Amino acid sequence: MQLKSIKICIMNNRVTSLHAHAGNPAVATLARPAKPCDALLLLNLGSPDSPSVSDVRKYLGEFLMDEKVIDAPYLVRSMIVKGFILPFRPKRSAHAYMKVWTKEGPPLKVITESFKKEIEELVDMPVAVAMRYGNPTPAAAIEELKQKGDFNQLYIAPLYPHYAMSSYETAVEHALRNVDESVSVKVLKPFYNEEDYIDSLTESIKPYLRGHVLFSYHGLPVRHLKKLNSHCYSGPDCCSVPNKAWDTCYKHQVSETTKLVAQKLGLKEDQYSLSFQSRLGRDEWIKPFTVELLQSYPAKGIKDLVIVCPAFVADCLETLEEIAIAGKEIFLNAGGESFTVVPCLNTFKPWVKTFASWCNEREAQHSELWA
């Protein structure tokens with residue numbers, strides 16, 4: 001299977017640009033050659049330090065002021081975020097976080113740290129976690145790695161299967177700003193169609209398989225896709241027409257993940273659907289919308305629903321509150337009878353072993369996954 005993803009161009013041991021690349025992944029193994037001068041940095045989105053309104057406001061401010069999230073000029077972005085969003089949204093978001101907060105902390109951070117501990121047992125280099133927003137910061141994570149020993153090769157692994165400038169791209173660029181010039185860097189490319197990832201995702205869904213399956217992905221403004229690729233939305237079937245744009249096209253990549261998993265599960269076309277959640281603002285976003293499908297399904301005879309969220313490899317606010325709580329309520333109130341949410345990959349053993357194999361074979365079988 002061909003892996004189409006992003007190549008990070010390295011000049012003088014620094015990442016200088018993003019462009020498309022294609023490679024062919026091999027079969028996963030868990031060989032563990034000694035590489036004492038390497039280190040691994042896991043990247044995820046982040047969470048507020050607490051579910052208090054003040055901490056949520058601080059977190060949302062950092063997140064929404066990112067020019068790759070709200071891609072408007074600074075003054076316009078500042079007016080939108082500080083004038084229209086931060087005065088009202090933090091209270092609602094804090095209430096949502098309270099519903100899913102655990103005694104150990106925010107689910108995303110807790111699960112990512114658990115994943116790190118599992119990976120540490122299987123790989124041959126020290127591992128640290130950094131978040132794009134909030135804590136731990138990349139600077140703190142890199143300092144943690146330095147405390148474990150000197151390294152001259154850093155492997156950065158964004159925990160995003162699909163490419164988007166508001167997730168994968170901004171996380172990588174943010175992390176790189178904190179890496180010493182003397183350190184060489186390789187970055188894990190988006191793995192949306194990598195065979196072992198597809199197998200892990202498929203196996204995680206099988207125990208919950210029944211009724212209609214909805215693959216719900218985090219949404220994006222259409223302008224984000226158009227900004228990266230002129231091919232995107234150039235016609236009604238642009239995602240079906242082979243094009244270099246696929247290497248950075250979120251819509252194509254999530255469609256490909258869905259198709260490959262559905263094939264592995266043996267689902268017919270009328271047994272599954274794809275949708276997008278988590279809209280913000282009034283701009284045009286990728287359709288169809290998850291919330292609208294949840295409202296309409298029961299009237300169409302779909303009353304037994306299984307929902308999976310492959311844009312996330314760790315459960316978070318968007319899966320645990322937006323889907324498992326709010327989404328379930330919408331579906332049942334509309335006449336649905338059964339609503340099952342498949343957990344994200346989290347620390348699912350096949351996924352942990354797959355990821356560890358990518359790390360351990362970073363210069364052999366799986367070297368094409370790192371650029």
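**A chat about helices and a sheet**

Guide: Just after H9, Gly-266 takes a positive phi of about 75 degrees. This is a predicted model, where local features need pLDDT of at least 70, side-chain atom pairs count only at pLDDT 80 or more, and totals for chains, interfaces and linings use all residues. Residues are numbered from 1 along each chain as its sequence is written, and side-chain values use heavy atoms, leaving out hydrogens and water.

Visitor: How far apart are the end C-alpha atoms of H9?

Guide: They are 23 Å apart, which agrees with the 22 Å that the 16 residues of H9 (residues 250-265) should span at 1.5 Å a residue. The expected span is 1.5 Å times one less than the number of residues. Helices (H or I, at least four residues) and strands (E, at least two) are DSSP runs, numbered from the N terminus.

Visitor: And which residues of H9 are buried?

Guide: Among them are Tyr-250, His-252, Glu-256 and Leu-265. Buried means under 20% relative accessible area, with a 1.4 Å probe and protein chains only.

Visitor: Switching to the sheet, what's the strand order?

Guide: E4-E3-E5-E6, an open sheet of four strands with parallel pairing. Two strands pair if DSSP finds at least two bridges between them.

Visitor: Which strands are at the edges?

Guide: E4 (127-131) and E6 (184-187), each pairing on one side only.

Visitor: How many bridges join E5 and E6?

Guide: Four, in the parallel sense, with E5 covering residues 153-158. Tyr-155 has Lys-186 in E6 as its bridge partner.

Terms used: Buried < 20%, exposed > 50% of the residue type's maximum accessible area, 1.4 Å probe, protein only.
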